[in-house]
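Here is a short report on one protein model and its ligand. Please look over the sequence and structure first.

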Amino acid sequence: MSLLSALASWYTWAGLVAIPLVILLSDIWTWYRMPPGPLPLPFVGNKFPSSKPWIQFQEWSKIYGPIFTVWVGRRPTLVISDPQIAVDLMEKRSNKYSSRPRFVVMGEIYGGGSVLVQPYGKEWSVRRKLLHRAMTPAALRTYKARQEAESTRLAFRIMRNPDNWEREFDRFTASVVFSISYGHRIDSVDSPIIRERLEFMHFMASLNVPGAYKAESFPILKYIPPFLAPWKRNIEAHSNLEAQSNIALVEGVKRDILVAKEKGLEAAPSLTQTLLAVREEEHIPLPEKDFCNVPSSLFGAGSDTTASTLCSAILALVTHPEALVVAHAEMESVIGISRTPTFDDEANLPYIRALAKEVLRWRPVAVLGGTPHASTEDDNYEGWLIPRGTTILGNSWAINLNDEYYPKPDLFNPARFLDEKDPRYVPELKGQKTHPAKAGHSSFGWGRRICPGADLAANSLFIALAKLIWSFDIQATRTYDTLDYTDGFNIRPKPFKCSIRIRSEEHKRTLEKEKLEADKEMEKFPAYV
Ligand code: HEM
């Protein structure tokens, strides 16, 4: 071996050892300065449970404190279990904590331009501003009539077929968001349009399963040409299908507007109609595919979340019948039997309002805070380093069951959200610490990324729960495991049976009468077939 080649091989070996060593030392230095958590393995990170990580995170918070670090490979993730810390970072310092971690497969290859996974910046802000057009206070007021009508139809349909309550929740929430997005109601969850949407959602969810795609850990793989990568072709084919479907829905609204105009009428108002009018007047810097993704994103983000929360409400009521007794008493004294509750009664139904909040606290559907946040600058919190690019998880599960804020956190008791002057208020449920958010919970997320549909969802939950409680006796038929939930980004109780019966003949007659009015209201939004 010549001296030259010996030297070259020496340098190669030195490099092979030195580079990982430098990376390792740098990781250790970062790890040492970040909030402590379970010990990670170099380059591999921590071991996570294969299901329901929020439970393990809650356990770890009891050992490492309300803010700790876990490592996914070499990427640090900060897990927060205290609402004040979540607000300190994601709201008070929202200029640094409003991005999303990189989603190579779902965000960049599948694309679709969904606002949910967009990193913080211009692309995100254009979409978010367009979405806000549908969520202004004035717009929310106009949706109330259809939310009332759809929740009357919901109660009527459950009265007719009580065992079908879960699917009726899915139909109700789908109809509310579709009527807002496109001016069309949904009469059946089996309609082709809903089936297609669910297929898109399931495919999207499959892209996010940890380990499913190597490109997530090795982003360079996303540049492989599709003809060499069948997995990429498959993702792109699905992405194109969804884009075409989104475009077809917008084209449908354009046709509705033309047809109505020819008849001298106006098409049912919708977000799509508003966005098309805005585009006539100002340039919207989005390609057609991304523009059409904006109204379609309401279904993905807003339908299943609201329906799952209603499922949790039924589980809460059958396992905590004392809450239903108080709620029924409120209905009897404020509403009576000759009519069902409406939004005009909201101020006089504080227990029902509190009940909706307590469901969101007790079983937060977006259990790990929805989609994680990511930091865009180095920061320092209480002496700890939070480097740029850290993933931030608000563990809503641990936050909402934190007994410093919510004593007896596993107990479902709406009274904790009542005004202290209300005779039904229970002082023992007042936490030693007060939740920093005005709503008293943070189940809709934080700061600049807070759920834009929060008020719409809160309205749907209030009116649906009010009508259901007014209509029905809801009772257990067996004992239930209140932790038996599905896995994933959004959680829902696993299917269960219970007894749902109309409260009296007079309730039945009132509901039948009001259902006719509700049908008339919903005729303004022709059904998608
Ligand atoms: C009970 C019902 C709902 C719950 C619990 C919920 C919860 C959440 C949470 C926790 C986030 C993440 C917030 C964050 O990153 O800090 C989120 C984001 C989002 N939600 Fe909701 N949501 C609900 C209903 C809705 C509805 C009805 C809509 C629309 C009609 C909607 C649209 C969105 C969108 C578009 C985002 C992404 C925002 C962004 O990344 O900038 N959600 N939601």
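## Ligand shell

Helix α11 gives the most to the shell around the ligand, with six residues. The model is predicted. By class, the shell holds 15 nonpolar, eleven polar and three charged residues. Of the 29 residues around the ligand, R100, W124, R128, H373 and C451 come nearest.

A side-chain N or O atom of H373 sits 2.7 Å from a ligand oxygen. The backbone also takes part: an N or O atom of V115 is 3.5 Å from an oxygen of the ligand. A polar backbone atom of A301 lies 3.4 Å from a ligand nitrogen. The elements that give two or more residues to the shell are α5 (122-132), α11 (288-319) and α15 (454-471).

## Salt bridges

The structure holds 38 salt bridges. One of them joins D290 and R127, with the closest N and O atoms 3.0 Å apart. D290 is in helix α11 and R127 in helix α5, so this pair ties together parts 163 residues apart in sequence. D290 counts as buried, at 11% relative accessibility. R127 is also buried, at 2%.

D170 and R492 form another salt bridge (2.8 Å, N to O). This pair links distant parts of the chain, 322 residues apart: D170 is in helix α7 (residues 165-182), and R492 is in the loop between β7 (472-475) and β8 (499-502). D170 is partly exposed, with a relative accessible area of 21%. R492 is buried, at 11%.

D484 pairs with K494, the closest N and O atoms being 3.2 Å apart. Both D484 and K494 lie in the loop between β7 and β8, so the bridge ties together parts ten residues apart in sequence. D484 is partly exposed, at 33% relative accessibility. K494 is partly exposed, at 38%. Elsewhere, a network of salt bridges links E150, R153, R157, E168, R171, R185, D187, K515 and D519.

## A buried helix

Helix α3 (residues 83-90) is largely enclosed by the rest of the structure, because seven of its eight residues are buried. These are P83, I85, A86, V87, D88, L89 and M90. D82 caps the N-terminal end of α3, with a side-chain oxygen 2.7 Å from the backbone nitrogen of Q84.

## A nonpolar surface patch

L21, L25, I28, W29, W31, Y32 and L39 make a nonpolar surface patch of about 800 Å². L25 belongs to helix α1 (residues 3-33). L25 counts as exposed, at 52% relative accessibility.

Key:
Residues are numbered from 1 along each chain as its sequence is written. This is a predicted model: local features need pLDDT of at least 70, side-chain atom pairs count only at pLDDT 80 or more; totals for chains, interfaces and linings use all residues. Side-chain values use heavy atoms; hydrogens and water are left out. Buried means under 20% relative accessible area, exposed over 50%, partly exposed in between (1.4 Å probe, protein chains only). Helices (H or I, at least four residues) and strands (E, at least two) are DSSP runs, numbered from the N terminus. A polar contact is a pair of N or O atoms within 3.5 Å; within protein, one must be able to donate a hydrogen and the other to accept it, and residues adjacent in sequence count only if both atoms are side-chain atoms. Patches are made of residues with over 30% relative accessible area and no salt bridge: like charges are joined within 9 Å, nonpolar side chains (Val, Leu, Ile, Met, Phe, Trp, Tyr) within 5 Å. Accessible areas come from the Shrake-Rupley method with a 1.4 Å probe; for residues, only the protein chains shown count as cover. A salt bridge is a side-chain nitrogen of Lys or Arg within 4 Å of a carboxyl oxygen of Asp or Glu. A residue is near a molecule or strand if one of its heavy atoms lies within 4 Å of it. Ala, Val, Leu, Ile, Met, Phe, Trp, Tyr, Cys and Pro count as nonpolar, Asp, Glu, Lys and Arg as charged, and the others, Gly among them, as polar.
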